[in-house]
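Please look through the sequence and the structure shown here before reading on. The paragraphs that follow go from a single helix out to the chains and their sheets.

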Amino acid sequence: MNKKLVCILCPQGCPISVDYTENELGTVNVISVEGAKCARGEFWAREEVENPVRTVTSSIRVVNGDLPLLSVRTDKPIPKKRIFDVMNIIKNLQVNAPVKRGEIIVENILDLGANLIATRTVKRVNGEE
Amino acid sequence: MLNEIEVDVAVIGGGPAGLAAAISAKENGAEKVLLIERGSRLGGILNQCIHDGFGLVLFNKSLTGPEYAEIFIEKLLELKIDYMLNSMVLELTPSKKLYVANKNGYHLIKAKAVVLAMGCRERTRGAIKIAGSRPSGVYTAGLAQNFINLQNLMIGRTAVILGSGDVGLIMARRLTLEGVKIQAVVEIMPFPYGLRRNVVQCLEDYNIPLYLSHTVTEILGRDRVEAVKIAKVDENLKPIPGTEKIIPCDTVLLSVGLIPENELSRQAGVEIDPRTQGPVVNSMLQTSVKGIFACGNVLHVNDLVDYVTVEARKAGLWAAKYALNQLPEPDRKEITITLGENVRSAVPQKIIPGLDTSLFFRVYKPGKNKTLNIIVDGNKIIQKHCPSVTPSEMLKADLKGEYTLNAEKIHVEVCE
């Protein structure tokens, strides 16, 4: 099989062609990468076909905070095909203020090897709930 | 009663530009620095930009907007820089008096130097004159981002996004993750306007169709948006009759450009460059009014917040020097850069002879394998190969002072 990509690493935007095989388990094997003018681009294209990963950013509900939402992200990129699984967990999360930037909200989310962390500080304001 | 406050440097705006400028002014010797912010928190628009990709140039990390902002907010607090929230500068005079209103009353701030860091605002439906009725469900992309990421409000169920600027692309992904169906992103130009990284990770990842050389010709619906009519455009960007297509949706997002917010600058008599819609500045980021400096998106709309920070640090430095009476008096007149082939704008517009200057340019049209030439008195001082140029990406160059010390003319062009 073949996939055509445009490299996103620098403004040059090399058109890259990746030949690969995929078995019935969905395991992808790259055979060749052509068109990248640098090694980083070649590596990126290989990863992008074999195991594309993304950082997920979103927000969760926060109780008694000076904001109604706490922004969060995965501290490492996770496989692209698991983005919606992670979103399903995020959707149902709720935390109590205060929260500090960098605090771990979910450790090793879905066993993907990445933690879900707070990306901002939310102060506690007095309130009942 | 009018409360009078005297400061060395007053910074207007508490976004990334204002934060970096205030910190830099303090670090460079200005004792009394005051930052004035209209909103209820520091950090500006970074607060609602919860996606990552900030700080790659400056910190070599891919931070989210709130993380990037908090680094600077913490520094501001550590340096004990004064700031006012929920405070609106109503008037700025050429003699650097600021009239500010907030819930404590009306204040007169007398500043020795002022840094303009008010940022920019979004172009609206009115600015691009889309035909049709006036139903609810039409938002600018940044407003939708504020609702969803800060206020926990949802804006609709199915949306069409007009414009492929970065905010529009980011919102396409954000809405998709929150369960909104994005029917299409429609771009009038034949190329996407946002960063390629965002086209791949926000549209292609989620199979969101991007219609290039198309525009929204009509918004349909009476109380609520029911659909949009889109059409292909010709090379003059005029809709081609017969190519119309109706896309059902209940929400329309506009990502059709940003305008530097310069009402205060104009009031103070600051000269505005019609190309950038921001102040005309020199190598020290000083505007046409002595002692008033500008940086960030109020000066020119930037691609990356990292560039804003670097620029704002310079504005803060020179503003501090001005306030301390340490600004070197130039012995020669400033040189206005002349714009040649395929150069739409240059910032700064004026070079102080002998001073190192970081320059930003924008081009009119995209191209491959071009050369950016900076020509001083007929000599090509800088020849920079650009594998790819596009109007949505700024070109950068550093012009050393030694080349401009005795210069008369500075010309810039992007050609073969």
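**From a helix to two chains**

In helix 6 of chain B, the buried residues are Asn198(B), Val199(B), Gln201(B), Cys202(B) and Leu203(B), where buried means that 20 or more other C-beta atoms, placed from the backbone, lie within 10 Å of a residue's own, while 12 or fewer make a residue exposed and counts in between make it partly exposed. Helices (H or I, at least four residues) and strands (E, at least two) are DSSP runs numbered from the N terminus. This is a predicted model, in which local features need pLDDT of at least 70 and side-chain atom pairs count only at pLDDT 80 or more, whereas totals for chains, interfaces and linings use all residues. Residues are numbered from 1 along each chain as its sequence is written, and chains are lettered from A and ligands numbered from 1 in the order in which they are written.

The buried residues of helix 6 of chain B pack against strand 4 (53-54) of chain A, and also against helix 5 (166-177), strand 13 (181-186) and strand 14 (210-211) of chain B. Between the two chains, 21 residues of chain B are in contact with 21 residues of chain A, contact being counted when C-beta atoms, placed from the backbone, lie within 7 Å. On the side of chain B that touches chain A, two or more residues each come from helix 2, helix 6 (196-203) and strand 29 (379-389) of chain B, and the largest share, four residues, belongs to helix 6 of chain B. By class, this side of chain B has six nonpolar, eight polar and seven charged residues; here Ala, Val, Leu, Ile, Met, Phe, Trp, Tyr, Cys and Pro count as nonpolar, Asp, Glu, Lys and Arg as charged, and the others, Gly among them, as polar.

Helix 2 (residues 65-78) of chain B also packs within its own chain: its axis and that of helix 1 (residues 16-27) of chain B come within 10 Å and cross at roughly 35°, with axes being lines fitted to C-alpha atoms, for helices over the stretch in contact, and angles running from 0 to 180 degrees between N-to-C directions. Pro16(B), Leu19(B), Ala20(B), Ala22(B) and Ile23(B) of helix 1 of chain B meet Ala69(B), Phe72(B), Ile73(B), Lys75(B) and Leu76(B) of helix 2 of chain B, a contact with nine nonpolar, no polar and one charged residues.

Turning to chain A, one finds two helices and 10 strands, which follow one another from the N terminus as β-β-β-α-β-β-β-β-α-β-β-β. The radius of gyration of chain A, taken over C-alpha atoms, is 19 Å, well over the 14 Å that the globule rule (2.2 Å times the number of residues to the power 0.38) gives for 129 residues, so chain A is more spread out than a compact globule. Its C-alpha trace spans about 60 × 35 × 15 Å along the principal axes, and 29% of the 129 residues of chain A count as buried.

Five strands of chain A form an open sheet of mixed pairing in the order 8-5-6-10-9, where two strands pair if DSSP finds at least two bridges between them. Strand 8 (94-96) and strand 9 (104-106) of chain A are the edge strands, each pairing on one side only. Strand 6 (residues 69-74) and strand 10 (residues 116-118) of chain A run antiparallel and are joined by three bridges; Val72(A) has Ala118(A) as its bridge partner in strand 10 of chain A.
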